[in-house]
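Reader: Hello! I would like to see how the labels attached to a model follow from its numbers. Could you take me through a few cases?

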Amino acid sequence: MLNAKYQEKYLKLKNKFLKLQFSKLNPMQQKAVFNSEGSCLVLAGAGSGKTTVIINKIAFLIKYGDAYYNEEIPNYITEQDVDLIEEYINNPDEDLVEKISELIKYNPVSPYNIIAITFTNKAAEELKNRLYNFIGEKGNDVIASTFHSACVKILRRYIDRLGYERSFAIYDTEDSKSVMKDIIKSAEIDSQLFTPKIVLSEISKWKNQLLSHKDVEGKYEDIRLKTISELYTIYQERLKKANAVDFDDIIMLTVRLFEENDDVREFYQNKFKYVLVDEYQDTNYAQYMLCKFFADKYKNICVVGDDDQSIYKFRGATIENILNFEKNYKDTQVIRLEQNYRSTKNILSAANNVIDNNRMRKGKTLWTENELGEKITVFESLDQTEEAMYLSQVIQNMVSSGERNYKDFAVLYRTNAQSASVETAFVKSGIPYRLIGAHKFYDRKEIKDMLAYLSVINNPHDDVRLKRIINEPKRSIGKATIDLVEILANSLECSMYQVISECEEYEILQKVKTKLIDFRDMIERFSEYNRGMSLSSLFTSVYSETGYEKMLITDKDPSAKERIENIGQLHSNIVEYESSAQTPSLSEYLEEVSLFTDIDNFDAGENAVVGMTIHGAKGLEFPVVFVIGMEENLFPSSMSVLSETELEEERRLAYVAYTRAKSQLYLTRASQRLMFGKTSVNPVSRFVTEIPSDLKHECRSKRLSTSSSFGNFEIDSKINEQATKSSLSSQTTTNKTDYKVGERVSHATFGEGMIISMTPMGNDILMEIAFPVGTKKVMANFAKLKKI
DNA sequence: GCAAGCCCAGATAGT
DNA sequence: CTGGGCTTGC
């Protein structure tokens, strides 16, 4: 035992030592890291090092337990030990660190008892990698995954308690839609009013609030919601019969599993001694309850989030979760991280100014010690083609001058559709690029088909996938037969596969029974293969024995070759999965595929410009960021301008977009844009206007004539020269009249508009003008136009 | 049962 | 403009 004086000295020195070990962190970050026991809410602004905090915190828990705040002194500490620590502090010697760490650690947490929830699989993987670099092997044993992956793992073990089989399938949005489409069809209701999309989105909202079909059925007077609640019941029954769950079920069912099964709940509550959640602002109520269950025994929970970056309200995320957190966990330590380490002062100031227009926020202002940096470049182009050419020019200029690499650039957009013009321009300019979309590869027909075969082998009750492949390639099982089987299955309350298996017993199936039996035997044979062979051999057999391979080889369509290549790619993916997984299995593979997103594929090391939606860019950073399509009705989306809350969500999205940039930010817009094959003209986005003008450098394409109202814009001559050169061919002819393409004019009945095209016709000119009411064609001599 | 061809709706974001 | 869904004719 130490004497009183040494005890005091030890406590002081111990914490000094710990601070030295984490000296790269600022005091607030350290506070978050050292606070081991109890609950902790970290409100962390963009670029304030919140992932760093999570990683350091996990490392701290594993290495030092609650050594910082715990004032108990281990019996074995001697005076010499205290002196050793003092010696280290006066003269840090790396060799002593391990020894002292061993001495002062207190209740270190086993990595198996820590669960870290991240937003994407990619983020989970990165967290593990960084942890490995930090603390070695032990880092690999921490559970790091998304909500969905974590819950699927739990459900694989225990879902039988809820009446599902453990081989359950996971339905993606498209699968769910297909189920709902059938239901709506047979329910004979107004299919205009009740589209699968609308119905499913309502159901999703309920599920995110943990409302089962039993909870909502009969609860609504409103005919619309009443109908949807009835559809919900049928939908849920269909899924169960198919032994399938949708994305929302994954969370909801896990919560129900915990509610109804004390042993399961206790098992996980004992396991999860420490729970950490990243991107907490984007969790929904169901996820909140899940966290509550996870952490309910030890109440050691740390959540990290930023209310200004909440961009998934449309998916049920609720800021209430942050407010409830402080209520639910008494004595929560709230830590705010407001120092930004990522962006220049100009970029940060622009982002702060924009987000300041939101009324519903907790309120914080990020600051940075980084340099002032360049002004934000705001560029207006003629159309989306020129907008994309502009990006290419800027990128090529900076790359050829040696200033930047391709991988330093990101192009962010509000909607996926905007990527098309970017892609075209990059191909033309020879810029290496990678576009990150929702699923892309796994969305291709041939891939979905092959995966559908594997799904049916894994779970023959999966009606949706079964219907997909039962006649692909053609084996003379047509629509009439499929419908018949489905009707039988529905009335018998069993799966379609079951009807097919017993088809001999049904009078009406006699004519087609040989085909059905052939199909059944094929699936049975594959199931047999699955028990005896590797996944990749199974895949090869399925590909050839179903006749799919033959179908593609004999297909004369030029796209067939590409589809064969895609199958090859899928095969390599499977081989890769087999070699990396500890216990590869068909069901685990299918599970990984269904929870996989394209962003998981993003490789920051690859030297290519990356294009993705702003939602996809959450959590990432790039030296140079282009946000394109800065136009009203596009960003903010026309769907959101009517509602204050949705508009604020759009503004947060702008905030997220701007704060991705480390040193340069470009905001571009097109004065006219082709959408749906129609030209539309939108004013500049308010998210550009809200940036103070002293932070911006505005320029526009020379092809847009400089009328008086735009006289104060500077023109970036280098860019304009090249942009003009590269697209001269598409320039519309102008002639002796005063009007020019791109000019704004006013019309007696249509109001103010912009000239989109001019075509000479005899002595007159046919002009296409975009007015607020839509695009109109007028003859110059007849329309009473005025220049403005 | 199947392929070709026509028609019309459609694109906010994504686990 | 595109592509999914439905009709039509074989």
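Predicted model: local features only at pLDDT ≥ 70, side-chain atom pairs only at ≥ 80, totals over all residues.

Reader: Let me start with a pair of side chains. Why is the contact of Glu591 and Arg156 called a salt bridge?

Author: The two side chains meet at 2.9 Å, N to O. A salt bridge needs a side-chain nitrogen of Lys or Arg within 4 Å of a carboxyl oxygen of Asp or Glu, so the pair qualifies. Glu591 lies in helix H27 (residues 586-595) and Arg156 in helix H7 (residues 147-158), so the bridge ties together parts that are 435 residues apart in sequence.

Reader: Are these two residues buried or exposed, and how do you know?

Author: Buried means under 20% relative accessible area. Glu591 has 5%, so Glu591 is buried. Arg156 has 15%, so Arg156 is buried as well.

Reader: What makes Glu621 and Arg342 a salt bridge?

Author: Their side chains meet at 2.8 Å, N to O, and the cut-off is 4 Å. Glu621 lies in the loop between strand E14 (609-613) and strand E15 (622-627), and Arg342 in the loop between strand E9 (339-340) and helix H16 (345-355), so the pair ties together parts that are 279 residues apart in sequence. Glu621, at 38% relative accessible area, is partly exposed, whereas Arg342, at 14%, counts as buried.

Reader: How many salt bridges does a search of the whole structure find?

Author: The search finds 55 salt bridges. One of them joins Lys445 and Glu472 at 3.4 Å, N to O. Lys445 is in helix H19 (residues 445-458) and Glu472 in the loop between helix H20 (463-469) and helix H21 (479-492), 27 residues apart.

Reader: Finally, which residues gather in a patch of negative charge on the surface?

Author: They are Glu87, Asp93, Glu94 and Asp95. Asp93 is found in the loop between helix H4 (79-90) and helix H5 (94-104).

Notes:
Residues numbered from 1 in each chain as written. Chains lettered and ligands numbered in written order. Heavy atoms only, no water. Patch = residues over 30% accessible without salt bridge, like charges linked within 9 Å, V, L, I, M, F, W, Y side chains within 5 Å. Areas by Shrake-Rupley, 256 points an atom, 1.4 Å probe, with all protein chains shown as cover. Lys, Arg positive; Asp, Glu negative; His and termini not counted. Charge placed at Lys NZ, Arg CZ, Asp CG, Glu CD. Helix = DSSP H or I, 4+ residues; strand = E, 2+ residues; numbered from the N terminus. Buried < 20%, exposed > 50% of the residue type's maximum accessible area, 1.4 Å probe, protein only.
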